[in-house]
Amino acid sequence: LGFQLALDGELEAAETALRRAIDLAPGDHLAYYVLGDIRLKQDRHQEAEAHFREALARNPSHGEATAGLARALSAQQRIPEAITLLRRAADLLPDDPALPLELSRIYMKAGQEENAHAAAEEFRRRKQKAEAADSSLKR
């Protein structure tokens with residue numbers, strides 16, 4: 001319920017539902033992930049960081065929470081940490097073309113042009129793969 005409310009933009013109601021879900025199932029990483037995502041959208045980056053870290057404490061291989069934590073850290077100008085986490089997220093989510101593009105941008109921000117170009121090339125490769133898969137589904 002909390003996840004759907006967040007998708008619908010009902011952030012206060014989503015937060016209430018997610019906090020209730022945590023009370024009922026404190027080990028559920030998804031509620032923390034969605035709370036982090038809400039805080040990220042609200043530009044409350046330190047709170048987003050805390051929620052993403054809680055999600056990852058419960059499920060260290062959750063790629064979306066890893067990417068969310070990277071975004072929260074990047075927004076706080078903690079670029080080296082953000083790069084490390086975004087690389088991990090890209091490894092955890094090998095079919096997501098957006099992550100290498102995001103990684104390319106953060107590399108540019110850090111002045112790492114060679115890494116930025118490599119990440120951009122990975123974006124193109126993943127995007128082509130996704131487009132090919134998508135076109136085969138349409139046949």
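Biologist: What percentage of the 139 residues of the chain count as buried?

Modeller: The model is a predicted one. A residue counts as buried when its relative accessible area is under 20%. By that cut-off, the buried share of the chain's 139 residues is 40%.

Biologist: How many helices and how many strands does the secondary structure of the chain come to?

Modeller: Read from the N terminus on, the elements run α-α-α-α-α-α-α-α. The secondary structure therefore comes to zero strands and eight helices.

Biologist: What span does helix 4 reach from its first C-alpha to its last?

Modeller: Helix 4 covers residues 45–58, which is 14 residues. At 1.5 Å a residue, 20 Å is expected. The span in the model is close to that, at 20 Å.

Biologist: Which residues of helix 4 are buried?

Modeller: An α-helix has 3.6 residues a turn, so residues three or four places apart point the same way. In helix 4, the buried set includes Ala48, His51 and Ala55.

Biologist: Which helices do the buried residues of helix 4 pack against?

Modeller: Packing here rests on contacts, meaning heavy atoms within 4.5 Å. The partners of these buried residues are helix 2 (11–24), helix 3 (29–41) and helix 5 (63–75).

Biologist: How far apart do the centres of the positive and negative side chains lie?

Modeller: The chain has 20 positive side chains and 23 negative ones.

Key. Residues are numbered from 1 along each chain as its sequence is written. This is a predicted model: local features need pLDDT of at least 70, side-chain atom pairs count only at pLDDT 80 or more; totals for chains, interfaces and linings use all residues. Side-chain values use heavy atoms; hydrogens and water are left out. Helices (H or I, at least four residues) and strands (E, at least two) are DSSP runs, numbered from the N terminus. Buried means under 20% relative accessible area, exposed over 50%, partly exposed in between (1.4 Å probe, protein chains only). Lys and Arg count as positive and Asp and Glu as negative; His and the chain ends are not counted. The place of a charge is taken as NZ of Lys, CZ of Arg, CG of Asp or CD of Glu. The expected span of a helix is 1.5 Å times one less than its number of residues.
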